[in-house]
Amino acid sequence: MTDPKHIVAVSGLITHPNGQVLLIRSPRRGWEFPGGQVEEGENLIEGLQREIKEESGVNVTIGSLVGVYSNIRSPSKVIFGFLGKFVNGKLTTSDESVETKWVDRDSVLDKITNPIIQDRLKDMLNFKGQIIYRVYSTNPYKIYNQYFL
């Protein structure tokens with residue numbers, strides 16, 4: 001039997017003091033909230049802060065865990081979704097973000113076209129303290145189980 005291999009990733013809905021939220025436009029998936037793979041030896045919070053800094057140029061604090069998402073399609077991926085707050089920095093772009101912007105909270109869902117990211121964003125926007133665990137696959141997007149913890 002071989003050892004299981006999973007990609008561990010993080011994402012965050014980052015809020016500015018003015019109430020707007022941070023979005024990046026990925027060259028592959030369109031508009032989304034920032035995040036990415038956690039590197040070996042890195043904890044989830046540090047990984048998310050690094051990814052946000054790389055993709056958008058800003059520094060953030062990370063708060064509540066909102067959800068854990070298991071993509072069971074190969075390669076399998078476990079994604080942790082967090083809420084966070086802007087600390088400082090100026091928006092920039094990178095190879096992973098062709099555009100970055102602060103978006104009004106009430107119009108942020110209109111920018112997201114990927115249904116998987118849209119569902120995770122809804123979880124973050126509507127978070128009331130109960131963590132969600134969702135098991136799904138991609139191509140086509142199908143939800144198998146959903147639990148509230």
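Mentor: Let us take α1, in which Gly 47, Leu 48, Arg 50, Glu 51, Ile 52, Glu 55 and Ser 56 are buried, where buried means under 20% relative accessible area, exposed over 50% and partly exposed in between, with a 1.4 Å probe and protein chains only. This is a predicted model, in which local features need pLDDT of at least 70 and side-chain atom pairs count only at pLDDT 80 or more, while totals for chains, interfaces and linings use all residues. Residues are numbered from 1 along each chain as its sequence is written, and side-chain values use heavy atoms, with hydrogens and water left out.

Helices (H or I, at least four residues) and strands (E, at least two) are DSSP runs numbered from the N terminus. Helix α1 covers residues 44-56, and at 1.5 Å a residue its 13 residues should span 18 Å, which agrees with end C-alpha atoms 18 Å apart; the expected span is 1.5 Å times one less than the number of residues.

At the start of α1, a side-chain oxygen of Asn 43 comes to within 3.0 Å of the backbone nitrogen of Ile 45, whereas after the helix comes Gly 57, with a positive phi near 85°.

The cover over the buried residues of α1 includes β1, β2, β4 (35-37), β5, β6 (77-89) and β7 (99-103). Ile 52 also belongs to a core of 14 residues, whose members include Leu 22, Val 60 and Phe 82; a nonpolar core is a set of buried Ala, Val, Leu, Ile, Met, Phe, Trp, Tyr and Cys residues joined through side-chain atoms within 4.5 Å. That core lies apart from the largest one, of 20 residues, to which α3 gives the most, with five residues.

Key:
Contact = heavy atoms within 4.5 Å. Polar contact = N/O pair within 3.5 Å; in protein donor to acceptor, adjacent residues only side chain to side chain.
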